Amino acid sequence: MKKQLSIMIALAVLAIGIITSCKKDPIPNNNEQNNEQPSDTIPSGNDTIPNGNDTIPIGNDTIPIGNDTIPNGNDTIPVVIDGIRFGDTTGMKVTTYNTIMEFDDAWNPILLDLNNDGTNDIRIETYYDGPVAVGQFQKLTLHCLSGIKIHGESIEKESYSHRDTIYTPPTYWNDLYSTVVTYVYIYSQCEKIADDDIVQLSSVFEVMANDYNDILSVDDSFHTENVILYNEDIDYGTIPIHETADTLFLSQQNYIYHCWNFPTDEEKYIGFRITKNGNSRYGWLKIKLHPTWGGKVVDTELIETAIQK
C-alpha cells in the first residue's frame, strides 16, 4: 500500500513539471537583449521624426528649423524680417489708381492720405510757368506732409557754371551795329562745358527709384524733405539786353537738369515710412513718368500705393 502511494505522488510531481515547462516564454525586447537604450526616433517607413535641431525629410527637401528660409524645390526663399520687399503685397494694404496728372495740371495736384488718418501725407504737383517772352518750363515736386519720411539719401552733388563772351559781326540786325556781344551763361548738373568751368558742391536729397523685389530695410535712410522728381531743361535762347550806337549786347542762358531727374518710361517704387504714436509703418508709391512734347516734359501716372497693415 505504501509502495502504491509513493508511485502516485511521484506521478503527480512529474505532471506539474510538464505543465510548467509547456508555458510560452515572452518575446524578449531587442534593446534589452543588446543592453541598448531606447532610440529617440519613431520609425515611419525609412523616415524619422527629428529631435532637437534635425530636419524633417520630405522627398529631396527638408524643412529647416530655427532659420529664416522656406524650402522651394532645391532652393530657398529668403524671408524679410527687418523690412519689406517692393511689390510683395503680403501684410500690405494696397490701393490701386488710374490717375494721370498732365505736365501742366498745376491746379490739380495728387494728394495722398496713406494711413487713412484724415490728414494728407504726400502732395505731388507739377509747376509749369516761366517768363512769357522766353516760354514756360516744368518742375515736378513731391512734398512731404505731416511728418512722413521718404526713402533716399543725402549726397554731395557737383554742378557746373559756364560763362563766356562771344564777339561776332552782326548777321541779322540789318548792319545797324558793327559788333554783337553775346554773354553766354550755362548752368549744368550733368557735365562741364569747358575745363575752366566753376564747380559748385551742394548737399542734396536724392529720392531712391526702386525696382520690383528690391528690399526696403528699416535701416535705410529716410528724410522729411521735398523732392524734385523732374526738372525740365531750360533754354532761354538769345535775347537782346542792351545796345549802344555801334554795339548790340545779347544774353544766352541755358539750364541743364536731366541727369538728376527721376527715371522716365519705367515703373518705379518710392519707399516711405510713417511714424505715429511711436509705431512705424513702411510702404511705397508706384509711379511712372511719361515723356511728352518731344521728351521735354512728363505726365505723372500714379499706379498704386501700399502700406503695412
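The model is predicted. The protein holds 2 helices and 20 strands. Of its 309 residues, 30% count as buried.

**Overall picture**

- Take the contacts between residues at least 6 apart in sequence: 62% of them join residues at least 24 apart.

**Strand β20 and its partners**

- Strand β20 spans residues 297-308. This strand is mostly covered, with 10 of its 12 residues buried.
- β20 pairs with strand β19, residues 279-292, in the antiparallel sense. The pairing runs over 10 bridges.
- In that pairing, P291 stands opposite V298 of β20.
- β19 and β20 form a hairpin, with 4 residues between them. W293 lies in the turn and has a positive phi of about 55°.
- β20 is also joined to strand β6, residues 92-101. These two strands run antiparallel, and 8 bridges link them.
- Opposite K93 stands I307 in β20.
- Strands of a sheet pair through backbone hydrogen bonds, either parallel or antiparallel.

**T300, a residue within β20**

- T300 has its place in strand β20.
- T300 counts as buried because its relative accessibility is 1%, and the cut-off for buried is under 20%.
- Which residues does T300 contact, leaving aside its neighbours within four places in sequence? They are T99, I100, M101, L140, K288 and L289.
- Two of these contacts, K288 and L289, fall within the range of β19, residues 279-292. T99, I100 and M101 fall within that of β6, residues 92-101.
- L140 belongs to the stretch of strand β9, residues 137-144.

**The open sheet with β9**

- Strand β9 is part of an open sheet of 4 strands. The order is β7-β8-β9-β15, and the pairing is antiparallel.
- Which strands form the edges of this sheet? They are β7 (110-112) and β15 (227-231), each pairing on one side only.
- From one strand to the next, the twist averages 15°.
- β9 and β15 run antiparallel and are joined by 4 bridges.
- K139 has N231 as its bridge partner in β15.
- In a regular strand the side chains alternate between the two faces of the sheet.

How values were computed
Residues are numbered from 1 along each chain as its sequence is written. This is a predicted model: local features need pLDDT of at least 70, side-chain atom pairs count only at pLDDT 80 or more; totals for chains, interfaces and linings use all residues. Side-chain values use heavy atoms; hydrogens and water are left out. Buried means under 20% relative accessible area, exposed over 50%, partly exposed in between (1.4 Å probe, protein chains only). Contact means heavy atoms within 4.5 Å. Two strands pair if DSSP finds at least two bridges between them. Axes are lines fitted to C-alpha atoms, for helices over the stretch in contact, and angles run from 0 to 180 degrees between N-to-C directions.
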